[in-house]
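Subject: Structure for you to look at

Hello,

Here is the structure I said I would pass on. Please open it beside this email and read the notes with it in view.

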Amino acid sequence: EFLAQQLADRCAGDESRCFGAVLEIANGVRVVLRSLEGGPDVAQIAGHFGGCGSATRAFFKAGSSTFLESNLEQPELVLRDVSLDSSCLTLKPKDLVTVMLRDQHFRDSPLDDWSWGFKVGEPEKEGWFPTLSYSVYIAVRAEPSHGTGVKAVKEGDIVVGHVQRGKYIYGRRLPGGPIETPELKSWFPFAEDLFKRLHASSAAVALLDAGFFRMPEILA
C-alpha cells in the first residue's frame with residue numbers, strides 16, 4: 001500500500017488524470033489503488049471488479065489469469081506512417097503506442113475504425129490514429145472467395161489490413177516466415193467470426209519473423 005501511495009504522489013501536477021496501482025500476485029491478484037484529492041475516483045474502478053474503498057483509497061481481488069490477460073495492455077507496434085491532422089498522433093513504423101480506446105467510428109467517416117492512445121515515451125501526447133495502423137489479424141477459420149477480386153482465406157492466415165470497407169478488408173497476407181517477395185495487396189472477406197486481432201506480443205513476433213519492417217514497399 002505504501003508503494004501505491006508513492007506512485008499516486010508522483011501524479012502531483014497531473015492528479016486529475018492519473019493514479020497509482022500496485023498488483024500483488026499470489027493465489028490470485030490483489031490490486032491496491034491510490035489517487036490524490038481531485039484525482040480519479042479509484043473506488044469506482046475497484047467496484048467494477050467487486051472491490052471497495054473510498055475515492056482516493058481502494059482495492060480489489062481477482063483471478064490472476066483472467067485479470068492479467070484481459071486488463072493489462074501491451075504497447076502495439078505501428079505498421080505505417082500516420083500523419084493526418086492536429087487531433088491525430090503523428091507516428092512512423094516501429095513506433096510503440098499504448099491503446100486506451102479501440103474501434104471507434106465517426107459520422108464523417110463511418111467505415112473507418114479509430115483508436116485513442118499515446119506514443120510510448122511521450123504519454124503527455126494523446127490523440128487518434130487508425131486502428132488498422134497497428135492491427136494484425138489471424139483467420140480462425142476458412143472462408144471461400146466471395147467473387148472476382150476477393151481472395152479466399154485459410155485458417156491461420158495472417159493479414160495486415162490497410163483499408164476496411166464493410167465486410168471486406170484490403171491488405172497483405174503475411175507468410176509463415178521471412179518475406180521473399182511481398183504479396184500484392186488484395187481484398188479479403190472480413191468478419192468478427194472470421195478474423196481475430198492478434199495480441200500485441202503475438203503480432204510483434206509475426207511481424208519480426210516476416211521481416212515486415214525491412215521492406216519499405218510493404219509499409220506504404
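Predicted model: local features only at pLDDT ≥ 70, side-chain atom pairs only at ≥ 80, totals over all residues.

The tryptophan

W116 lies in strand β7, which spans residues 109-119. Is W116 buried, exposed or in between? Its relative accessibility is 26%. Buried means under 20% and exposed means over 50%, so W116 counts as partly exposed.

Sequence neighbours within four places aside, W116 is in contact with T98, V99, M100 and L101, and also with E126, G127, W128 and F129. Take L101 as one case: 15 residues separate L101 from W116 in sequence, yet their C-alpha atoms are 5.0 Å apart in space. With E126 there is also a polar contact, side chain to side chain, at 3.1 Å.

The strand and its partners

Strand β10 covers residues 158-165. Of its 8 residues, 6 are buried, so β10 is largely enclosed by the rest of the structure.

Which strands does β10 pair with? One is β9 (residues 136-139), which pairs with β10 in the antiparallel sense over 3 bridges. Within that pairing, I138 has I158 of β10 as its bridge partner.

Another is β11 (residues 168-174), also antiparallel to β10 and joined to it by 7 bridges. Here Q164 is bridged to I169 in β11. β10 and β11 form a hairpin, with 2 residues between the strands. G166 is in the turn and has a positive phi of about 65°.

Regards

Definitions and conventions: Residues numbered from 1 in each chain as written. Heavy atoms only, no water. Helix = DSSP H or I, 4+ residues; strand = E, 2+ residues; numbered from the N terminus. Buried < 20%, exposed > 50% of the residue type's maximum accessible area, 1.4 Å probe, protein only. Contact = heavy atoms within 4.5 Å. Polar contact = N/O pair within 3.5 Å; in protein donor to acceptor, adjacent residues only side chain to side chain. Pairing = 2+ DSSP bridges.
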